[in-house]
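Here are my notes on this one, in the order I'd go through them with the model open. Have a look and see whether you read it the way I do.

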Amino acid sequence: MLLRSNAEGAVRVESRGEVLNQFLVEVFSQILKAEAACLAGKDLSLRELHLIEEVCRAEEEGRDNRATAIASAQRVTAGTLTTAVTLLEKKGYLERRRDEKDRRAVRILPTAAARAANAVHARFHREMVDGLLAVLTEEETGVLVRALGHLAGFFQEKDRQNRPIRG
């Protein structure tokens, strides 16, 4: 149990679970606000930026950049991806190209504008991680990485449970 005082000085007892929940909600919200701030003046939403990030990563790592693979990686339907890519094409961030060998396949590629937006986004993430690592010891870093690994596992299991079974 943890004690917390409010603005009036009243003390409230909170469980570790309540404190952890409040912390996770607040940190997630702050990360989203900070990510949005790095987009100030750009014509992109965070969802669009994360799609651009996925397309850039697929290109950089030599992974499958067909529409079906990008949709799967983003956990969206083909229709949702098509709509998003169409908009990002109009904005000048992505382009579609038919595969040279398999004309049925459509490749999604980033433009120079997409790479520039992705670089700003990557810099934000590097600064966030570097700022945290600057104040943590090796031991604290190890504990945090293990704890976040458990949190990621929780979300992966939730995602697996919520996916439709395809026959």
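1. Aromatic pairs first: a search of the whole structure turns up one. The partners are Phe154 and Phe155, sitting edge-to-face with 5.2 Å between centres and 75° between the planes. Keep in mind that this is a predicted model.

2. Now the overall layout. I get six helices and four strands, and reading from the N terminus the order is β-β-α-α-α-α-β-β-α-α. If you take the contacts between residues at least 6 apart in sequence, 44% of them join residues at least 24 apart.

3. How much of the chain is buried? Of its 167 residues, 20% count as buried. The protein exposes about 12,000 Å², and carbon and sulfur atoms supply 57% of that.

4. In soluble globular proteins, nonpolar side chains tend to be buried together. Here the largest nonpolar core has 19 residues, and Leu44, Leu51, Ile52 and Leu94 touch the most other members. Four helices each supply at least two residues to this core: α2 (46-61), α3 (67-74), α4 (78-90) and α5 (112-133). The top contributor is α2, with seven residues.

5. Setting aside neighbours within four places in sequence, Leu44 is in contact with Leu39, Leu49, Ile52, Leu88, Lys91, Tyr93 and Ala117. One of these, Ile52, is also among the residues that touch the most other core members.

6. Next, Asn65, which you'll find in the loop between α2 and α3. Is Asn65 buried or exposed? Its relative accessibility is 10%, so Asn65 counts as buried, because the cut-off for that is under 20%. Beyond its neighbours within four places in sequence, Asn65 is in contact with Ala58 and Ile70, plus Val106, Arg107, Ile108 and Leu109. Take Arg107: Asn65 and Arg107 are 42 residues apart in sequence, yet their C-alpha atoms are 5.5 Å apart.

7. Last, the surface. Leu20, Phe23 and Leu24 make up a nonpolar patch there, with about 280 Å² of accessible area together. Leu24 belongs to helix α1 (residues 16-37).

Key. Residues are numbered from 1 along each chain as its sequence is written. This is a predicted model: local features need pLDDT of at least 70, side-chain atom pairs count only at pLDDT 80 or more; totals for chains, interfaces and linings use all residues. Side-chain values use heavy atoms; hydrogens and water are left out. Patches are made of residues with over 30% relative accessible area and no salt bridge: like charges are joined within 9 Å, nonpolar side chains (Val, Leu, Ile, Met, Phe, Trp, Tyr) within 5 Å. Accessible areas come from the Shrake-Rupley method with a 1.4 Å probe; for residues, only the protein chains shown count as cover. A salt bridge is a side-chain nitrogen of Lys or Arg within 4 Å of a carboxyl oxygen of Asp or Glu. Buried means under 20% relative accessible area, exposed over 50%, partly exposed in between (1.4 Å probe, protein chains only). Contact means heavy atoms within 4.5 Å. Rings of Phe, Tyr and Trp (its six-membered ring) pair if their centres lie within 6.5 Å; planes under 30 degrees apart count as stacked, over 60 as edge-to-face and the rest as tilted. A nonpolar core is a set of buried Ala, Val, Leu, Ile, Met, Phe, Trp, Tyr and Cys residues joined through side-chain atoms within 4.5 Å.
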